[in-house]
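Reader: I would like to learn how to read features of a protein model, one at a time. Please give the general idea before each case.

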Amino acid sequence: MSNTAQQMKNARQKVKKAKRRLGKGLYTRTFFFVVLLLLQIVLTFSVPVVLGRFSAPFYIGAVVLSVLVVIALLEHDGINPAYKIMWILIILLMPPLGVVFYLFWGHHNTTNRHARRMNSICARLSRTLPQDPSVLHRLEVQDAGLARSARYLIRNAGAPLYADTRSEYYAWGEEFFPRFLEELKKAEHFIFMEYFILKPGYMWDTTLEVLKEKAAAGLDVRLLYDSLGCMLTLPEDYDEQLREWGIQCERFSPFRLSAHISDYTMFNHRDHRKITVIDGNVGFVGGLNFADEYINRKKRFGVWKDTGLMLRGSGVYNLTALFLESWDFTTSDSSCLEKFAPTLRYSADGMVQPYGDSPLDEEAVAENVYFNILQQATDYVYIATPYLVVDNEMITTLSLIAKSGVDVRIITPGIPDKKYVYWVTQSYYSVLMKAGVRIFEYSPGFIHAKMYVSDDKTAVVGSANMDYRSLYLHFENCCVFYGGRMVQDVYTDLTRCMQVSHEVTWEDVKNVPLPKRAFRILLRLFAPLL
């Protein structure tokens, strides 16, 4: 290829990438908020000129409409108070366009057609996941508090508890990926994968070659990726290319013009899950997407710290159900879960409970699991999260247990991937540290892992961050462990992370310039939009 042709090809690729980057920026609540704010300014100054003496009735009607929407919002019991406050401000300060913004992007409707369909799918699949009473009884004898937590997930997330599932923990993406490839190559019947981000490079390209080989060999290979998460990383027609290679591929919630408001609110709910299921007997979960920074082959934000785990045995059934839940919702299929049931059982030194969370119901499962761990802690709770953007209930709970003598420690990134979210994260340091919570910033780089461990008894690893998006707006999945080596592995990993982290001091908090401190507070007010 000549230099001129190569230059033209590179130029076209840059244009395509710029378009995708622009497209991702356009399909965000922040962009729509800015557009509506500008329109509100134009409307404010143009209405008196255009409508003349009718401008006063127009404004009165707009204010009345805004007040009615605020009243309806206040009466909605299933919405977090901080979320309500933000939307009340937007609605009242921007009549009538604030109402439009709320209806399209903020209205938390768990009865619209998408919610009804998703909840119907979940109910159908969960009927195939019965709880073995003897397993729950064993946990009740072992620890009544942990059994209460397990019962919560059984009843409210359709997530059985298992005692015959073996687990392996990977403290780094570099440890995860070789074991992942090893198991992927052993697949004989089917491979299901569901991820937020896929990005061409060593990690994804190597995985794709295996998927192509398995699809060509006649295996049932399915891939589901989030359309917004991959907007900057994959071509728009990438799913079509994969289907040509025999891989059943779908994009979760692509943006389309629609006459239904619920379609636009659905675009605000992203598929943030990370799941691979192989032959029903092996499953992988954690915080890792498929891009080279996750295994540190590409350097972004210093050393990228992330974790994953592998399950073998009955507990994989929950992961299969979660994948099929998303698959059926996207494709309108009606999958038979029993066809993909695990066939192997393993001895284990602890119990595991994989679970999912959906923004289309009224249950904040991921946050409630975190609350259960915090409220039962008597000795310590160690936490790692890339984003600490929490509501008043979480702040109150963290502060209360710290004041009660529990050793509460939180690890956040030393090098952030999003500055504005990092500033919001830091804005919580003062109130938490006053209560006795210790904050550590991971000095080597960006920590993307999402982990809890408490009292050498229980641990959680998964995809759910401690922010509004994960806890209220996204589809997530995690695993909670009760006893056994996995709990100790998570504890050891978090302890090692703290050893290479900078513990935030009062001097760090006090030395923040006043303008930056004020800007953080302003950002916190609109945290649910970030």
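Reader: Is phenylalanine 301 buried, partly exposed or exposed?

Author: Relative accessible area decides that: buried means under 20%, exposed over 50%, and partly exposed in between, computed with a 1.4 Å probe and protein chains only. Phenylalanine 301 has 26% relative accessibility, so the residue counts as partly exposed. This is a predicted model, in which local features need pLDDT of at least 70 and side-chain atom pairs count only at pLDDT 80 or more, while totals for chains, interfaces and linings use all residues. Residues are numbered from 1 along each chain as its sequence is written, and side-chain values use heavy atoms, with hydrogens and water left out.

Reader: Where is phenylalanine 301 found, and what is its phi?

Author: Helices (H or I, at least four residues) and strands (E, at least two) are DSSP runs, numbered from the N terminus. Phenylalanine 301 sits in the loop between strand E6 (282-286) and strand E7 (303-305). Most residues other than glycine have a negative phi, and most peptide bonds are trans. Phenylalanine 301 has a positive phi, near 60°, and is not a glycine. Serine 332 also has a positive phi, about 70°, without being a glycine. That serine is in the loop between helix H13 (316-331) and strand E9 (351-357), and its relative accessible area of 58% makes it exposed.

Reader: Which peptide bond is cis?

Author: The bond from proline 95 to proline 96 is cis, with omega near 0°. Proline 96 lies in the loop between helix H4 (81-93) and helix H5 (97-106).

Reader: What is aspartate 417 in contact with, apart from its sequence neighbours?

Author: Contact means heavy atoms within 4.5 Å. With neighbours within four places in sequence left aside, aspartate 417 is in contact with Phe301, Tyr387 and Phe446. Aspartate 417 belongs to the loop between strand E11 (407-413) and H16 and is partly exposed, at a relative accessible area of 22%.

Reader: Is threonine 207 buried or exposed?

Author: Threonine 207 is buried, with a relative accessible area of 0%. This residue is in helix H10 (residues 202-216). Not counting residues up to four places away in sequence, threonine 207 touches Phe177, Phe180, Leu181, Leu184, Met193 and Phe290.

Reader: How many salt bridges does the structure hold?

Author: A salt bridge is a side-chain nitrogen of Lys or Arg within 4 Å of a carboxyl oxygen of Asp or Glu. The structure holds 22 of them. One joins arginine 179 to glutamate 168, at 3.2 Å from N to O. Arginine 179 is in helix H9 (residues 173-185) and glutamate 168 in strand E1 (residues 165-170), 11 residues apart, and the pair links distant parts of the chain. Arginine 179 counts as buried at 18% relative accessibility, whereas glutamate 168, at 23%, counts as partly exposed.

Reader: At what N to O distance do arginine 179 and glutamate 183 meet?

Author: Their side chains form a salt bridge at 3.5 Å. The two residues are 4 apart in helix H9, which means about one helical turn lies between them. Both arginine 179 and glutamate 183 are buried.

Reader: At what angle do helices H8 and H14 pack?

Author: Axes are lines fitted to C-alpha atoms, for helices over the stretch in contact, and angles run from 0 to 180 degrees between N-to-C directions. Angles under 35 degrees count as roughly parallel, over 145 as roughly antiparallel, 65 to 115 as roughly perpendicular, and the rest as oblique. Helix H8 (residues 144-157) and helix H14 (residues 365-376) pack at about 170°, with axes 10 Å apart. The two are therefore roughly antiparallel. Residues making this contact include Leu146 and Tyr152 of H8, and Val365 and Asn372 of H14.

Reader: At what angle do H16 and H21 cross?

Author: Helix H16 (residues 419-427) and helix H21 (residues 514-525) cross at roughly 100°, and their axes come within 9 Å. H16 is therefore roughly perpendicular to H21. Among the contacting residues are Trp423 of H16 and Phe519 of H21.
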